[in-house]
Amino acid sequence: MKYLCMVFFDEKQRNALSEQDSQKLIEEAFDFDDTLRKGGHFIAAHPLESVHAATTVRVRNGKVTVTDGPFAETNEQIGGFLLIEAKDLNEAIHLAAQVPPARLGGVEVRPIVEISRSDLQRPWSEFVMRSASKSRDRG
Amino acid sequence: MSADFSDQARDTLGAIYRNESRRVLATLIRLVGDFDLAEEALHEAMLAAMEHWPREGIPSNPRAWLISTGRFKAIDRIRRRARFDTALDDVVEKLQGEAFDPTQWDDEHLEDDRLRLIFTCCHPALPRDAQVALTLREICGLTTEEIARAFLTSAPTIAKRIVRAKAKIRDARIPYEVPPRKELPDRLDSVLQVIYLIFTEGYSASSGATLTRADISAEAIRLGRLTANLLPEPEVIGLLALMLLQESRRAARTSNDGEVILLEEQDRSLWDRAVIEEGRVLVERALASREVGPYALQAAIAAVHSEARAAAETDWAQIVGLYDVLLQANPTPVIELNRAVAVAMRDGAERGLALIGEILKRGDLQDYYLAHSARADLCKRLGRTSEAVSSYQRALSLARQDPARRFLERRLRELGVAVDAATHGSSPVRPQEPPPR
């Protein structure tokens, strides 16, 4: 099962790190990517540019509005993400706990819904339930 | 088939249901991988037993029979659904393909399922109130109505919590497993907190007219015994001991008209000696291990109290010593407050008052009525009446339970203060931790 790990932290705190600590954090993040790869858990992982570069796009009645800034204004913002493969939530939690910048903030772990075109005739709710029972490891 | 036999079968079925249904459910959840499906399957298996057993006799291993039947019923259900959903074919195939003979399973195999159920219901990824509701529903077998009554909320609220929790277990894939050794202390902590929360809810109701609700505390003790049997870790034994030692004083804790009676004023002949003895044996067992945790230490303190035949004979030096260790293991302001009260008993009120003053000055327990009430008690003992009055009044503005409020009002009256009934029901503040004992 796939999980998206969204890494949240306070950018001010991140920016307040010394050059040396910052370098070390990035190095650790690369090392952790390698650990994930070795364990067969790595799908994708990237840090994000700071929220000063964020733009939010909304579409209402066909009209596009573009605003400066992140979707929600909060102290802690998404600073990066990892898409991982894990057998269940316990394994995902175990991996998320090792994400280096998790020490600055927190990691939201969200299961990915596996959906394909062939599933499109079904109501969404039924689909989500079925997807969970399909992918569950029994026994 | 004689009518006698059918009556007997029905009685046996009732007894089996009470003793086995939670065990059978725990195993069915593992087998079919879904809480709701397992519950439906258990229900159908019980109906099948009611139909077959009076005619065909009670099987030699009723538990295995129920598990087998429940599993078949679940497969039937999935197969019916699979007619509309081909993806479920794999599920049916996998379920049927597994080698399956529950009569060959030893008890340990099944007890593991109960432990899996406990750890899943108390998984930290679920909100605490859902952990509590799910535990009482799935492990203790309480109805949503019973849980709602115990927690002074509505049945639909409890039902919603349980439905959401099950949805998260399924969709985020919370596994049905006992955590590995390395993660055990953290995960066990969550289980113990849930059990103790259920106990304290029954021991000192969070609000309302009745201070103790024995049923829900008894449920917590049953749960503690079950967990201690399945996983005899020192802290599990410590928690069970703590609950038993507190429970032993239930009859002495409130007067006939529902007033609170403090430990030092309790009629100790009302303490349940048999329960105390059981608790003390467990405390010794927990303390004998190398890692002594907060529950075992709190139980040890309760055990020292239980040794004193009169309040004046309490070994306060030993209690302060235990609080010192407890404070190291678990540095919280509430424990600090309890230690301060013990110091006051050992070294005099002046010394205790200074410690409580420091805690309150830090602002940690400003909204905790017992901190102000403890301060007031010590002021009163030192003859500092006006300070005592203002602290009792502060406590009264924070206390939520009626018996606690009446107790504080009584103290104020003793100091010659007229208490206005209009002060009732003012504060919505609820303490974050269970009250100190």
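Of the 437 residues of chain B, 40% count as buried, a label given when 20 or more other C-beta atoms, placed from the backbone, lie within 10 Å of a residue's own, with 12 or fewer making it exposed and anything in between partly exposed. This is a predicted model, in which local features need pLDDT of at least 70 and side-chain atom pairs count only at pLDDT 80 or more, while totals for chains, interfaces and linings use all residues. Residues are numbered from 1 along each chain as its sequence is written, and chains are lettered from A and ligands numbered from 1 in the order in which they are written.

Let's stay with chain B. The chain has 20 helices and zero strands; helices (H or I, at least four residues) and strands (E, at least two) are DSSP runs numbered from the N terminus. Among its contacts between residues at least 6 apart in sequence, 60% join residues at least 24 apart, where a contact means C-beta atoms, placed from the backbone, within 7 Å.

Now for two helix pairs. The axes of H14(B), residues 294–307, and H15(B), residues 316–329, come within 10 Å and cross at roughly 170 degrees. That makes the two helices roughly antiparallel, the word for angles over 145 degrees, with under 35 counting as roughly parallel, 65 to 115 as roughly perpendicular and the rest as oblique. Axes here are lines fitted to C-alpha atoms, for helices over the stretch in contact, and angles run from 0 to 180 degrees between N-to-C directions. On the H14(B) side the contact includes Leu297(B) and Ile301(B), and on the H15(B) side Leu322(B) and Leu326(B). By class, this contact has eleven nonpolar, two polar and no charged residues (Ala, Val, Leu, Ile, Met, Phe, Trp, Tyr, Cys and Pro are nonpolar, Asp, Glu, Lys and Arg charged, and the others, Gly among them, polar).

The second pair is H18(B), residues 369–381, and H19(B), residues 385–398, whose axes come within 8 Å and cross at roughly 160 degrees. These helices are therefore roughly antiparallel as well. Among the residues that meet are Arg375(B) and Ala376(B) from H18(B), and Glu387(B) and Tyr392(B) from H19(B). The classes here are seven nonpolar, three polar and four charged residues.

Walking through the pairs, five bridges join S2(A) to S5(A), with Phe42(A) partnered by Ile84(A). Nine bridges join S1(A) to S5(A), and there Lys2(A) stands opposite Glu85(A). S1(A) and S6(A) pair over six bridges, one of which puts Gly106(A) across from Phe8(A).

Finally, look at two backbone details. Asn61(A) has a positive phi of about 50 degrees although it is not a glycine. Asn61(A) is found in the loop between S3(A) and S4(A), and is exposed, with 4 other C-beta atoms within 10 Å. Arg173(B) has a phi near 55 degrees, also positive in a residue other than glycine. Arg173(B) lies in the loop between H8(B) and H9(B), but counts as buried, with 23 C-beta neighbours inside 10 Å.

Definitions and conventions. Contact = placed C-beta atoms within 7 Å. Pairing = 2+ DSSP bridges.
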